[in-house]
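Here are my notes for someone opening this model for the first time. Have a look at the picture, then read on.

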Amino acid sequence: MALIKIPPVLRSSVGGEKEVTAGGGDVGAVLSSLASQHPDTRSQLFGADGSLNRYVNVYLNDEDVRVLDGLDTAVGEGDVLVILPAMAGGAR
Amino acid sequence: MSPSGAEVIRQIKQQVQEVDPAEVSEHLGNGVTLIDVRESEEWDRGHIPGAVHVPRGYLESRVETAVSDRDAPVVLYCASGQRSALAAHTLSELLGYADVRSMTGGITLWKDRGYKVEVPKVLTTEQKERYGRHLLLPEIGAEGQAKLLGAKVLLLGAGGLGSPTALYLAAAGVGTLGIVDDDDVDLSNLQRQVIHTTRTVGTPKVDSAEAAIAALNPDVEVVKYPVRLDASNIMEIVQGYDVIVDGVDNFPTRYLLNDATVRLDIPVVSASILGFDGQLSIFKPHDGPCYRCLYPVPPPAELAPSCGANGVLGVLPGTMGLLQATEVVKLVTGIGEPLVGRLLLYEALSASFTELKVRRDPNCPICSRDPAEITDEEMGVFPDYEAFCAAAG
């Protein structure tokens, strides 16, 4: 099982949790498992063609999976995935 | 009978290696550490550019901070070449430095030959007192303080992030603070925008901020821009600033800012906040990734809520704004490891920090290109720009 850190904008889609766990041997499988458990996250993570939306960054531990093997990057026990869409908020 | 002082100096000068100013000038910056051993008042009147100052009276206790490697080449100078010869003798005979030379004729001969001298900005007695705690830090000192006083920093917004940043940068003695904000102070701002006060509600934020800064530190010149940053004014406003502090609240302006600062080669200390979460990074053009390398496209409007609609813990912009101010001071003074190529996430409820790596995108539509080729027309534009802005209203 990998630990997934959920960004503020996706927390309402996972019952308000900041962290959830999901199984899978690679990044794609873990995120698919997340989307199965919490269907509202699917359209926010994946485009119609099944690829990761370009405005969502996913990090395995501290490295962007796009510089690793993308959705095929292997995920081990105890790894941490961070999902990170851009935030615009300043505070006017 | 003991020898006279002059005789001792003559003997020591025979023992130490000397070097002509012409050779020193030629090798400046080539890995040779140049040390000025004169007193502080002499240093303040002008010194050789690139030299470090270690007064002879502090030589033994401080030289290792300037040169830790005892095999590294070191050249010492003073006013005429006597004190530097004595100091060179101390370094080689007592401290074991292997490659020490004293510059013939000192800075007097250096000047006579027409080589360049740098006159540091001298702090007034009042400034020495005001910035005393900075002066005590060897990493900052008088030189770092002079850099801060000479620095021009532009704050985008005098809001939640801009308020604490402006106050601390003003306190630190940043000489010029530009502030871009077209808003008026609202009562609902005061939960977090600490530069404004109940009394300034209803007045322009740039005026309210200017008054607070003037009250805190008269050394700081405030340049006010009571406008919204857009494609028509951005190049003119940001040009000439050393660092930009970004706390803007919308994606189109973030992309516009990114493209302008890549063109002009100005680092941006960027933060964003939402609820109990904050993000922070520095986008330093061509040394590290730019904002587009991290986020090539913005999220759809429903995934990009603003603080106005969603609330924010009042203390959070303080935390993130002060991390921004810290990074600005580091960039200006050149100390530490600035947060370039790294993204820092802060989650206030669990009091946890997460650090992620941010890589330069070799195919970045903006920062992978020659800055001169970026046109006005493409600045701030991203795929689906029209649709995004229509949806965002």
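1. Ground rules. This is a predicted model, where local features need pLDDT of at least 70 and side-chain atom pairs count only at pLDDT 80 or more, while totals for chains, interfaces and linings use all residues. Residues are numbered from 1 along each chain as its sequence is written, and chains are lettered from A and ligands numbered from 1 in the order in which they are written.

2. Chain B overall. Along the principal axes, the C-alpha atoms of chain B fill a box of roughly 95 × 50 × 45 Å. Chain B holds 17 helices and 13 strands; these are DSSP runs numbered from the N terminus, with helices being H or I of at least four residues and strands E of at least two. Of its 393 residues, 43% are buried, a label that takes 20 or more other C-beta atoms within 10 Å of the residue's own, with C-beta atoms placed from the backbone.

3. The eight-stranded sheet. Chain B has an open sheet in the order β8-β7-β6-β9-β10-β11-β12-β13, and its pairing is mixed. Strands count as paired if DSSP finds at least two bridges between them. At the edges you'll find β8 (221-225) and β13 (352-357) of chain B, each pairing on one side only. β12 (residues 342-347) of chain B pairs with β13(B) in the antiparallel sense over six bridges, and Leu344(B) stands opposite Glu355(B) in β13(B).

4. The five-stranded sheet. Another open sheet in chain B runs β1-β5-β4-β2-β3, with parallel pairing. β1 (17-19) and β3 (52-53) of chain B each have a single partner strand, so one side of each is left without a neighbour in the sheet. Helix α5 (residues 82-93) of chain B packs on this sheet, touching β4 and β5 of chain B, and its direction makes about 175 degrees with that of β5(B). Such angles run from 0 to 180 degrees between N-to-C directions, with axes being lines fitted to C-alpha atoms, for helices over the stretch in contact.

5. Around α16(B). This helix lies across β6, β9, β10, β11 and β12 of chain B, at about 170 degrees to β10(B). Helix α10 (residues 162-172) of chain B packs against α16(B) at an angle of about 40 degrees, with the axes 7 Å apart. The residues of that contact divide into eight nonpolar, six polar and no charged.

6. Where the chains meet. How many residues of chain A are in contact with chain B? There are 20, against 37 residues of chain B, where contact means C-beta atoms, placed from the backbone, within 7 Å. On the chain A side, β4 (63-64) and β5 (80-85) each supply at least two residues. That side divides into 11 nonpolar, three polar and six charged residues; Ala, Val, Leu, Ile, Met, Phe, Trp, Tyr, Cys and Pro count as nonpolar, Asp, Glu, Lys and Arg as charged, and the others, Gly among them, as polar.

Methods. Contact = placed C-beta atoms within 7 Å. Buried ≥ 20, exposed ≤ 12 C-beta atoms within 10 Å, placed from the backbone.
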